[in-house]
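We will go stop by stop.

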Amino acid sequence: MKRRKFIKLSVISAAGLVLPVQLEGQADAEPLLKPGTFVTPNADFYVLQIGNPAVLDANTWRMAVIGLVEKRQVLGLADITAMESVTATRTLKCIGDPIGTEQMSNAEWKGVRLRDLLEKVGPKPEAKVVVFRCADDYHTAIPLADAMREETILAYEMNGEPLPTEHGFPVRLLNPGHYGTKNPKWIINIQLATAHESYWEKRGWDPIANVKLATMIGTPSGGEEIPGGKIYTVSGAAFDAGNHGGIKKVEVSIDYGQTWEEAEIWAQDTSLAWVLWKWEWQVPEKAEPVEIYARATAHSGLTQDEIGIEADPVGATGYHIIDASVVVA
């Protein structure tokens, strides 16, 4: 059976996910999984921005909170870290990431609730959006209602360390349910306003940027040769950012979607973080090409559809498919 054609988005992918270490010649090695760790080390977390990372000095950095507020404030990093802190595991995903590629990573973050800061300045009744202006000239806005969610965080630590420069030092936003375009880095100004046209919206991108239900296959990689007659571990990640209630199950097909086998979810946290899955495949003893499909079903009942999309970036959808081949010695 010939695979149906997929419509793809044309973007450049960044490196991102983590591989576990395997020792050469180890007789009883654990199967290679990708991602291999639930939390992505900082050095391996995907990086994407409109220009060069902004390099800021914590001693001189200041963030102004202005606009439609009762009391303007200018804060330093010490003012932020003195507030009540929260720690949360969150996955970030790029809106321009094509189906199945690696601009998706997971980390443990520490910061403060944005609403705690906004309550200090007192939003005026006419305020509708919160605008973030960044040191790299990026700017975006989120609805005030989203900013006041308990889960919306101004983060200053990543995996137990101060935010690395490329990830927004000293402070970035974590805006649950939304792609990276709505999670700005290097924030220097927060403004409450009635409306705002953001950087990417001016260029025709999705102004809401809700994360779509997505699954990626990490192993095997495209073009990999898989030994016939043995058990092979197909693995990957799935994520919906909680927009459909979180991931309920992941399924794999090796017969063009005619039948599906449920994978094991081996690592998970809340719906705001990815789930990692694996499926043990008894590979047939027959040399032939193979297409491996993966799809996720959310707790809402939504299951990924096969067909992808062609549009200004709103988040890619559709099955991830890997072309590989079974080889026999």
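Two strands pair if DSSP finds at least two bridges between them. Helices (H or I, at least four residues) and strands (E, at least two) are DSSP runs, numbered from the N terminus. This is a predicted model, in which local features need pLDDT of at least 70 and side-chain atom pairs count only at pLDDT 80 or more, while totals for chains, interfaces and linings use all residues. Residues are numbered from 1 along each chain as its sequence is written, and side-chain values use heavy atoms, with hydrogens and water left out.

**The whole protein**

Select everything. The protein has three helices and 19 strands. Of its 329 residues, 51% count as buried. Buried means under 20% relative accessible area, exposed over 50%, and partly exposed in between (1.4 Å probe, protein chains only). Contact means heavy atoms within 4.5 Å. Among contacts between residues at least 6 apart in sequence, 72% join residues at least 24 apart.

**Stop 1**

Strands of a sheet pair through backbone hydrogen bonds, either parallel or antiparallel. Select β11, β13, β17 and β16. In that order they form an open sheet of four strands, with antiparallel pairing. The edges are β11 (214-219) and β16 (264-267), each of which pairs on one side only. From one strand to the next, the twist averages 35°. For angles, axes are lines fitted to C-alpha atoms, for helices over the stretch in contact, and angles run from 0 to 180 degrees between N-to-C directions.

Now select β13, residues 231-239. How many residues of β13 are buried? Eight of the nine are, so the strand is largely enclosed by the rest of the structure. Five bridges join β13 to β11, and the two run antiparallel. Pick isoleucine 217: its bridge partner in β13 is glycine 236. Eight bridges join β13 to β17, again antiparallel. Here valine 234 has tryptophan 279 of β17 as its bridge partner.

**Stop 2: leucine 276**

Move to strand β17 (residues 275-282) and pick leucine 276. Is leucine 276 buried or exposed? It is buried, with a relative accessible area of 0%. Leave out residues up to four places away in sequence, and leucine 276 touches Pro35, Thr37, Phe38, Gly236, Ala237, Glu264, Ile265, Trp266 and Ala267. Try the distance tool on leucine 276 and glycine 236. Their C-alpha atoms are separated by 5.9 Å, although the two are 40 residues apart along the chain.

**Stop 3: a five-stranded sheet**

Select β2, β1, β10, β5 and β6. These five strands form an open sheet in that order, and the pairing is mixed. At its edges lie β2 (73-75) and β6 (139-143), each pairing on one side only. Neighbouring strands of this sheet are turned by 20° against each other on average, direction ignored.

Zoom in on β5 (residues 129-134) and β10 (residues 187-193). They pair in the antiparallel sense over six bridges. Valine 131 stands opposite glutamine 191 in β10.

**Stop 4: phenylalanine 169**

Pick phenylalanine 169, in the loop between β8 (161-162) and β9 (172-174). It is buried, with a relative accessible area of 16%. Leaving aside neighbours within four places in sequence, phenylalanine 169 is in contact with Leu56, Ala58, Pro162, Leu163, Pro164 and Trp186. Phenylalanine 169 and aspartate 57 are 112 residues apart in sequence and 8.8 Å apart in space, C-alpha to C-alpha.

**Stop 5**

On a 1 Å grid over the protein atoms alone, a cavity is a set of points where a 1.4 Å probe fits but cannot get out, and a pocket is an open set with protein on both sides within 12 Å along at least five of seven lines; lining residues have an atom within 4 Å of a point. Grid points are joined across faces, edges and corners, and a volume is the space filled by probe spheres set on the points.

Select Leu48, Gln49, Cys94, Thr181 and Trp200. Of the 25 residues that line the largest pocket, these are the closest to its centre. The largest pocket holds about 500 Å³ of space.

Last, the second largest cavity has a volume of about 80 Å³. Its lining includes Arg90, Thr91, Leu92, His178 and Phe239. Strand β3 (residues 86-93) gives the largest share of that lining, three residues.
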